[in-house]
Amino acid sequence: MARLRLGYTKSRTGCLRCKQRRVKCDETKPSCRACLRHGIECSLSTQPQSATASSPSTLGPSASASPSPGPRSGTGRRGKPQPVLLKPKSEPHLSPSDAPGDHDAAVAAQHATSPTNGSAVAQATSPSVHSPDPFPYLTRLVTGPPEEDTANWVFDLELLHHFTSSAFRTLMLSPTKDEQTDWLWQNEIPKQGFVHVYLLHQILAISSYHLAHLHPENRHAYTLRASQHLNAGIRRMRTALSNITPTNCHALFTASALLFIGSLAAWSTSGTKAANGPTLDDLVDVLILVKGIGSVLDSSQELLRSGPLSALFFQQAGAEPQANPALDRVELAVGDFLVEIAETETDDRVRAVIHGAAYRFVSVIRDALHKAPIAEYRVLLAWPIHMSDGLIPLLRQRNQAALALLSYYCVVLHSAALQGYWFMQGWAPGVIRDIAASATGPFKRHSAWALGWIAGHNMCMG
């Protein structure tokens, strides 16, 4: 028995997908609610404006059919609307065996039998994105709203793949292949990142910076995504650092080390000319970050050295010192500086701070030459960790003795960059120029020597 529908108005200008499904289209533009709900493109968004004003005869077979002899709707004897009896419509049976081509052929046949224009037929038969949904039976599987951030998570998957396949090998360059260290960076550390999200953010940031270094034509996109991950990682690390435990100390230490690399990479991959930076203050900011690594190390030193990251601590006790002309020269120069600072600095407090920092610098160099396969890298990380907190304010104030001491750190930084560390490139020349421009008095000769050494080795590179 037919159902009784009162006040029903048939949709004659609905979208192709609703017609195919034999449901009423609300004709909302640019996308009807049904297509919007299922997350597919509506054919109404592609119809020209003139199509909406065209006559019903141009919109499909239902519109071109002649009206039936009986009144479909109208008024009765007293001018009141009369009920309309409609034959009930059953939903089309859609089975998984329905091939996409069958649906396209059916739609094409339907439009071929009606006086439609050529563009409508093209829309129905073309396999382009503007065609009706070729897989309507899949819509029942859609249980949530359309994915909004597909580009971001696909981008991040690219970054993770690049880190585990390539970028991890550039973080610690060793003269001999260290399979254990490679395994840590490629497997163990990403695995910890899935538990401690701040570490995962730092991993993705480093990978994105490395891709910016490799593909300068896409530098902007990669550096932008890297900075987003770097910032997200820092925000989460601040919370974790307030409660260092045996469970999270390994991830915090690794994240801090990657933050050091990321802070250097943020400038080295930016494409900025060396004349515009980085500056002394930029390097001081990095030194402060490295001291943060020291806070994690001090609180959990035994756990870190005996835990899953033990291979990162460069233990080669008992080995013969390695020949390293750059560090040997810096060690002698800082030794002379120790004598000079004791004789020339009149401020007792300043003399104590700088003398202590210089002494630790020499000790770190000697220790690295005996224990580390990558001596410059160890010096760059170890000296800021062990130097006194009082040196940072002196550097901010551009104290001449403090600037002279930092000049030798720039020599070590440049020596490491010459070995192929992409994230250190450009740092030493920019900072030493800034130091030399501020240097005056008897300590100026130290920054002048460092400037000459760095400039000379730059020419050797070219």
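These legends describe close-up views of one predicted model.

Residues are numbered from 1 along each chain as its sequence is written. Local features need pLDDT of at least 70, side-chain atom pairs count only at pLDDT 80 or more, and totals for chains, interfaces and linings use all residues, while side-chain values use heavy atoms, without hydrogens and water.

**View 1. Confidence along the protein chain.** The mean pLDDT (the predictor's confidence in each residue, from 0 to 100) is 78. Of the residues, 70% reach 70 or more. Helix H9 (residues 197-214) has the highest confidence, at a mean of 97. Helix H4 (residues 61-64) has the lowest, at 40. Helices are DSSP runs of H or I, at least four residues, and strands are runs of E, at least two, numbered from the N terminus.

**View 2. Helix H8 meets helix H11.** The axes of H8 (residues 179-193) and H11 (residues 249-268) come within 10 Å. Axes are lines fitted to C-alpha atoms, for helices over the stretch in contact, and angles run from 0 to 180 degrees between N-to-C directions. The two cross at roughly 110 degrees. H8 and H11 are therefore roughly perpendicular (65 to 115 degrees) to each other. Trp185, Ile189 and Gln192 of H8 make the contact (heavy atoms within 4.5 Å) with His250, Ala251, Thr254 and Leu258 of H11.

Technical notes: Parallel < 35°, antiparallel > 145°, perpendicular 65-115°, else oblique.
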